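Please open the model in your viewer and keep the sequence panel beside it. The tour below moves from one selection to the next and says what is to be found at each stop.

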Amino acid sequence: MPDKSRTFSVSLTDSQAFARLSGDFNPIHLDPIAARRSIFGSTVAHGIHMVMGALEALAHQSQGSRLRSMKARFHQPVRHGEEVRYAIASDHGDSVKVSVETARGIAQRIVLTMGSRNPDVDRGPDRPAFEVRPPRALLPADAPHVAGTYPFGLNLALLRTLFPAAAAAFPLDSLALVVGTTGIVGMEAPGARSLFLGLNLSFEERTPEGAPIEYSTKRFDERFLNLDLALRSPGGSGV
């Protein structure tokens, strides 16, 4: 496909709605007073909100595709109201690269591999929207031994309100895994003081229903307080 670009921006109200979709109510995204004391000095959009915005932009030219894999690296956050440009380019065959850009530079780099979608195995993991709750505060001493589960699924009405094109274009199990990662990082591990740096996911086309996302420590670097979590869910697996 030729290079294409689309623009996107997120308000605090948008982030409040995304929190109800993902379960990530971390104050850095929602509480302007608490966020003033953060390293960013203000609230910022969820990193996965930006990833879903990229999928929304891509969906306009990828109807009927499925996601086979996703690698994303978050270089800097996006502030509320800041205009984002998604630059989309085809690489080799089924590979697509998306740069998430602001006036301050590159915010994210995303690499996707695509495949043909089989609608006969698409799932609709519908669940109620999440209710507001405080994040867990994981201690560094506990980081090497993290293990837990997180609800798998999406409130489909809210998903289709926030990301209508992506909801129609891509398998819902894949989207549920992508969105679930921010709930795990922002609320469970590390939780309150977390900074989401990136992900590497492989998606599965045919999966069982009803299971949660399972997560556990893959690696913890105490020098930099860097935690890698291994994930497995009905939508796929990754780090």
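Angles between axes under 35 degrees count as roughly parallel, over 145 as roughly antiparallel, 65 to 115 as roughly perpendicular and the rest as oblique. The axes themselves are lines fitted to C-alpha atoms, for helices over the stretch in contact, and the angles run from 0 to 180 degrees between N-to-C directions. This is a predicted model, in which local features need pLDDT of at least 70 and side-chain atom pairs count only at pLDDT 80 or more, while totals for chains, interfaces and linings use all residues. Residues are numbered from 1 along each chain as its sequence is written, and side-chain values use heavy atoms, with hydrogens and water left out.

Select helix α1, residues 12-22; helices (H or I, at least four residues) and strands (E, at least two) are DSSP runs, numbered from the N terminus. Its buried residues (under 20% relative accessible area with a 1.4 Å probe, protein chains only; exposed is over 50%, partly exposed in between) are S15, A17, F18, A19, L21 and S22. These buried residues pack against α2 (27-30), α4, β6 (147-150), α5 and α7. Just after α1, G23 takes a positive phi of about 85°.

Now show helix α4, residues 47-59, which packs against α1 at an angle of about 95°, with the axes 11 Å apart. Helices α1 and α4 are therefore also roughly perpendicular to each other. Here D14, S15 and F18 of α1 meet I48, H49 and M52 of α4.

Rings of Phe, Tyr and Trp (its six-membered ring) pair if their centres lie within 6.5 Å, and planes under 30 degrees apart count as stacked, over 60 as edge-to-face and the rest as tilted. F163 sits in the loop between α5 (156-162) and α6 (164-169), 145 residues apart from F18, and both F18 and F163 are buried. The structure holds four aromatic pairs.

Notes
Contact means heavy atoms within 4.5 Å.
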